[in-house]
Amino acid sequence: NLLTTYSYSWPGSYELVDVQATNIGQDSSSYSGLYHYGYYEDTQIWLRDVHIDGQGYSDAIEVAPYDSSSYTATFSLDMSEVSLTNIDDNGITLATGRTEATVADSTIDGAGGYGLYATDATVEISGSVIRGSGESGIYLGGSTAAVSDTTSTESADYGWTCDDVTLDLCE
């Protein structure tokens, strides 16, 4: 499977279940493996049992509403049992204050950048493992996060990097 981008979405609702993608985004014109953005309309994304192994040149999953005060689209990402391995850049990138994400029972292993990179997003992470990232396993900047039963290990930088964050760590 040599694809430039597996899923490039416009606003709407998307559900991916039992999907395996390998060696995608292997050229320099590639977007993220699953790239979701919008302007005016809201987008909901559900990922269940999705596996991405080998994402070159970009992130495995990127959720990025167009950042302008004139656009009002919001994003909701709900993922469970997702496995992201051998990723060139970030495992998951969540951008802008109009993004909410739930990451449950998932694994990010071998991201070249951050395992999970969230700026101004609301994130809930549970039962997940993030390891072997080229930067910090988890970066939270200006975000609100609730984390339980999740580990971030073996990163080149820190397990966690937090900057201006509201963080709820639960056992």
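1. Y114 counts as buried, because its relative accessibility is 18%. Buried means under 20% relative accessible area, exposed means over 50%, and partly exposed lies in between (1.4 Å probe, protein chains only).

2. Some ground rules. This is a predicted model, in which local features need pLDDT of at least 70, side-chain atom pairs count only at pLDDT 80 or more, and totals for chains, interfaces and linings use all residues. Residues are numbered from 1 along each chain as its sequence is written, and side-chain values use heavy atoms, leaving out hydrogens and water.

3. How confident is the predictor? The mean pLDDT of the chain is 84, and 82% of the residues score at least 70. In residues 1-5 the pLDDT is below 50, yet this stretch has 19 contacts in the model beyond near neighbours in sequence. pLDDT is the predictor's confidence in each residue, from 0 to 100; a contact means heavy atoms within 4.5 Å. Where pLDDT is low, the predicted coordinates should not be read in detail.

4. Now the overall build. Of the 171 residues, 47% count as buried. The chain exposes about 7,900 Å², and carbon and sulfur atoms supply 42% of that area. Accessible areas come from the Shrake-Rupley method with a 1.4 Å probe; for residues, only the protein chains shown count as cover. Among contacts with a separation of 6 or more, 54% join residues 24 or more positions apart.

5. Back to Y114. Rings of Phe, Tyr and Trp (its six-membered ring) pair if their centres lie within 6.5 Å; planes under 30 degrees apart are stacked, over 60 edge-to-face, and the rest tilted. This rule gives 3 aromatic pairs. Y114 and Y117 have ring centres 5.1 Å apart and planes at 40°, so their pair is tilted. Y117 is partly exposed, because its relative accessible area is 24%.

6. Which parts does the pair of Y114 and Y139 tie together? First the geometry: the ring centres are 5.5 Å apart and the planes stand at 50°, so this pair is tilted. Y114 lies in the loop between β10 (107-111) and β11 (116-119), and Y139 in strand β14 (residues 138-141), so the pair links parts 25 residues apart in sequence. Y114 and Y139 are both buried. Y114, Y117 and Y139 form one aromatic cluster.

7. Next, the nonpolar core. Such a core is a set of buried Ala, Val, Leu, Ile, Met, Phe, Trp, Tyr and Cys residues joined through side-chain atoms within 4.5 Å. The largest holds 34 residues, of which L47, I61, L77, L84, I92, L94 and L116 touch the most other members. Leaving aside residues up to four places away in sequence, L47 touches residues including L16, L34, D78 and V82.

8. S155 sits in the loop between β16 (151-153) and β17 (160-163). Its relative accessible area is 16%, so S155 is buried. Not counting residues up to four places away in sequence, S155 touches G132, S133, E135, S136 and G137. A polar atom of the S155 side chain lies 3.2 Å from the backbone nitrogen of G137.

9. Last, two backbone angles to check. Most residues other than glycine have a negative phi. N86, in strand β7 (residues 83-87), has a positive phi near 55°. D120, in the loop between β11 and β12 (122-126), also has a positive phi, near 55°. N86 is partly exposed at 49% relative accessible area, and D120 is partly exposed at 43%.

Note on methods:
Helices (H or I, at least four residues) and strands (E, at least two) are DSSP runs, numbered from the N terminus. A polar contact is a pair of N or O atoms within 3.5 Å; within protein, one must be able to donate a hydrogen and the other to accept it, and residues adjacent in sequence count only if both atoms are side-chain atoms.
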